[in-house]
Amino acid sequence: MAPPTLPDDVISEKTVCVMDASGEVGSALVRRLLRRGYTVHAALHGEYEIIEGLCCNNKKLRVFQADPLDYHSIINALKGCSALFYSFQPPSDHPTYDEYMADVEVRAAHNVLEACAQTETIEKVIFTSSVTAVIWADDRNSTPSDLDERNWSDVNFCRKFKLWHGVSKTLAERTAWALAMDRGVNMVSINGGLLMDPNSLSLSNPYLKGAAEMFENGVLVTVDLNFLVDSHLSVFHLSSSYGRYLCFDNVITSNQDAIRLANMLLPPSQSPPALTPSLDDDTRVYQQRISNKKLNKLMMDFTSEVEVEIK
């Protein structure tokens, strides 16, 4: 069972940076942080009007144009901030994942972590990664234990089967961790499942390449946007947070669940295909082979801590 949504009663006077604040995760984090009293530097690569439209006239919001490939623009956005929430958004002129985008995301991660290392006020970096940086390898079926934060996707395996989302997220996260350890940056990563947000749900979502194999292997997981935001806030607030955290609140393990997900991915104008009797009656359930126990425990600890502060 998922931990409850975190309350917004704890108010802070600190300044934090959210980059890229124009994406689903980034814009949701901006809203939540502003409600909690933070001053927020919203760093946008594009679509400058999105955050302003949501939070106009808020004196605690500062909007920055920050290209993740432009080191100096990142430094400018980070000035005076105690933390960075970072997620990568492919540029609008190249929204697909491929070998080129993997290189772009790696360079962006390098620039962002280097900029954080050079910003004296930064105390913590929350780096948004993906479950696809965990689940892909040739020997997964022979592994007796569930996958967790200790596992990494095999980049060569991903390249062989053109799993470019996995390539990009794995290389970028490894680059970020290498720099964080080398420069002494306090970093925590959130490896999210398929984001169940209406704005990003479609059959063309790059996360879904290899979805059939994920399903059969018991690692096809999804995450609600609010749960994902709560996870980011939990690892940010708790000094005990460390390393990587797998973040999901639903596992697709039955044909019925898979069919419901497929129907959600279809455009509104397209009717779901009629089910064959064999699929409709198939009651098989695949074994879940991925664990998020580490995150669930942390979120329960944070919820308990907040309740104590409120009392």
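Predicted model: local features only at pLDDT ≥ 70, side-chain atom pairs only at ≥ 80, totals over all residues.
Good morning. I begin with a pair of charged residues: the side chains of Glu 114 and Arg 183 meet in a salt bridge, with 2.8 Å from N to O. Glu 114 lies in helix α4 and Arg 183 in helix α6, so the pair ties together parts that are 69 residues apart in sequence.

Arg 183, with a relative accessible area of 38%, is partly exposed. The pair also belongs to a network of salt bridges, in which Glu 114, Asp 182 and Arg 183 are linked.

How many salt bridges are there by this rule? The count comes to eleven. Another of them joins Glu 105 with Lys 169, whose closest N and O atoms are 2.9 Å apart. Here too distant parts of the chain are linked, since Glu 105 is in helix α4 and Lys 169 is in helix α6, which spans residues 164-183; the two residues are 64 apart. Glu 105 is buried, at a relative accessible area of 3%, and Lys 169 counts as buried as well, at 7% relative accessibility.

A further salt bridge connects Arg 150 with Asp 148, and its closest N and O atoms are 2.6 Å apart. Is Arg 150 buried or exposed? At 71% relative accessibility, Arg 150 counts as exposed. Asp 148, by contrast, is buried, with a relative accessible area of 13%.

Lys 169 leads us to the next residue, Thr 132, as the two touch. Thr 132 is located in the loop between β5 (124-130) and α5 (155-160), and at 1% relative accessibility it counts as buried. Which side chains make polar contacts with the side chain of Thr 132? One is that of Ser 130, at 3.0 Å; another is that of His 165, at 2.9 Å. Leaving aside residues up to four places away in sequence, Thr 132 also touches Ser 153, Gly 166, Thr 170 and Tyr 207, among others.

Finally, I turn to helix α3, residues 71-78. Its buried residues are Ser 73, Ile 74, Ile 75, Ala 77 and Leu 78. What do the buried residues of α3 pack against? They pack against the strands β1 (15-19), β2 (39-44), β3 (61-65) and β4 (83-86), and against helix α4 (99-117). After α3 comes Gly 80, which has a positive phi, near 80°. Thank you for your attention.

Methods
Residues numbered from 1 in each chain as written. Heavy atoms only, no water. Helix = DSSP H or I, 4+ residues; strand = E, 2+ residues; numbered from the N terminus. Buried < 20%, exposed > 50% of the residue type's maximum accessible area, 1.4 Å probe, protein only. Polar contact = N/O pair within 3.5 Å; in protein donor to acceptor, adjacent residues only side chain to side chain. Contact = heavy atoms within 4.5 Å. Salt bridge = Lys/Arg side-chain N within 4 Å of Asp/Glu carboxyl O.
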